[in-house]
Amino acid sequence: MILPLFFIFCLFSSSHAAVQDFCVGDLAAPQGPAGYSCKDPSKVTVNDFVFSGLGIPGNTSNLIKAAVTPAFAAQFPGVNGLGISFARLDLAPGGVVPFHTHPGGSEILIVVQGTIYAGFVSSANTVYLKSLKKGDIMVFPQGLLHFQINAGGSVALAFVSFSSPSPGLQILDYALFGNNLPTELVAATTFLDTAQIQKLKGVLGGTG
């Protein structure tokens, strides 16, 4: 009886195994639901598996005083199909990454410089907040609203890993105020004052 059960276990455990070593993304080909098509293996080089952009600080001279440097499949084709990716987060003093979600993957953040106040809200509206210092790690489950704020007086730096080569990004503020949603509709769905909505639309580039 043990042998048949072992055979069934092996059958099912191997059914999801990769049929090739890697699938370096072909950035010249269309991207589908499963990611980029595989680059011709004969044209793959070691450079497809190396990304050198995370050693350079991002430009934080912007509205949110923050910069994210992604190493997703679109920038780092070697992670295509592997279920992983990486990014660098720079936060100037007063910098903030507003409430946002990554629909395609969970996130884990490690602070390497400064202090970052971070948190997320569960689907039950439970709030999880923590002030993170150098060496601290925090995880943000897939699809949940979360944020990061520089909680100190100096530059903060963190590196972020994702459980997807293309985790996606939707920033709540821009989803509400950075497009052409009519002010009346935003007011009806958020209970905000129309004057405040129009002010935010002006700041974030929205119309309507």
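A pocket is an open set of grid points with protein on both sides within 12 Å along at least five of seven lines, and its lining residues have an atom within 4 Å of a point. This report applies that term to a predicted model.

**Pockets**

The lining of the largest pocket is made up of 18 residues, and those nearest its centre are Val68, Val97, His100, His102 and Leu169. At least two lining residues come from each of β3 (66–71), β4 (85–91), β5 (96–101) and β11 (156–162). The biggest contribution is that of β3, with 4 residues.

In the second largest pocket, 11 residues form the lining, and Gln20, Cys23, Cys38, Asn80 and Gly81 lie nearest the centre. The table gives volume and lining classes for both pockets.

| Pocket | Volume | Lining residues by class |
|---|---|---|
| Largest pocket | about 280 Å³ | 13 nonpolar, 4 polar, 1 charged |
| Second largest pocket | about 170 Å³ | 7 nonpolar, 3 polar, 1 charged |

**Aromatic pairs**

The model has 8 aromatic pairs. One of them joins Phe72 and Phe162 edge-to-face, at 5.4 Å centre to centre and with 85° between the planes. Phe72 is in the loop between β3 and β4 while Phe162 is in strand β11, so this pair ties together parts that are 90 residues apart in sequence. Phe72 is buried, with a relative accessible area of 19%, and Phe162 is buried at 6%.

Tyr117 and Phe147 also form an edge-to-face pair, with 6.3 Å centre to centre and 65° between the planes. Because Tyr117 lies in strand β7 and Phe147 in strand β10, the pair ties together parts 30 residues apart in sequence. Tyr117 is partly exposed, with a relative accessible area of 33%, whereas Phe147 is buried at 10%. Ring pairs link Tyr117 and Phe147 with Phe99 into a cluster.

Methods
Residues numbered from 1 in each chain as written. Predicted model: local features only at pLDDT ≥ 70, side-chain atom pairs only at ≥ 80, totals over all residues. Heavy atoms only, no water. 1 Å grid on protein atoms, 1.4 Å probe; cavity = no way out; pocket = protein on both sides within 12 Å on 5 of 7 lines; lining within 4 Å. Points joined across faces, edges and corners; volume = space filled by probe spheres on them. Nonpolar A, V, L, I, M, F, W, Y, C, P; charged D, E, K, R; others polar. Phe/Tyr/Trp six-rings, centres within 6.5 Å; stacked < 30°, edge-to-face > 60°. Buried < 20%, exposed > 50% of the residue type's maximum accessible area, 1.4 Å probe, protein only.
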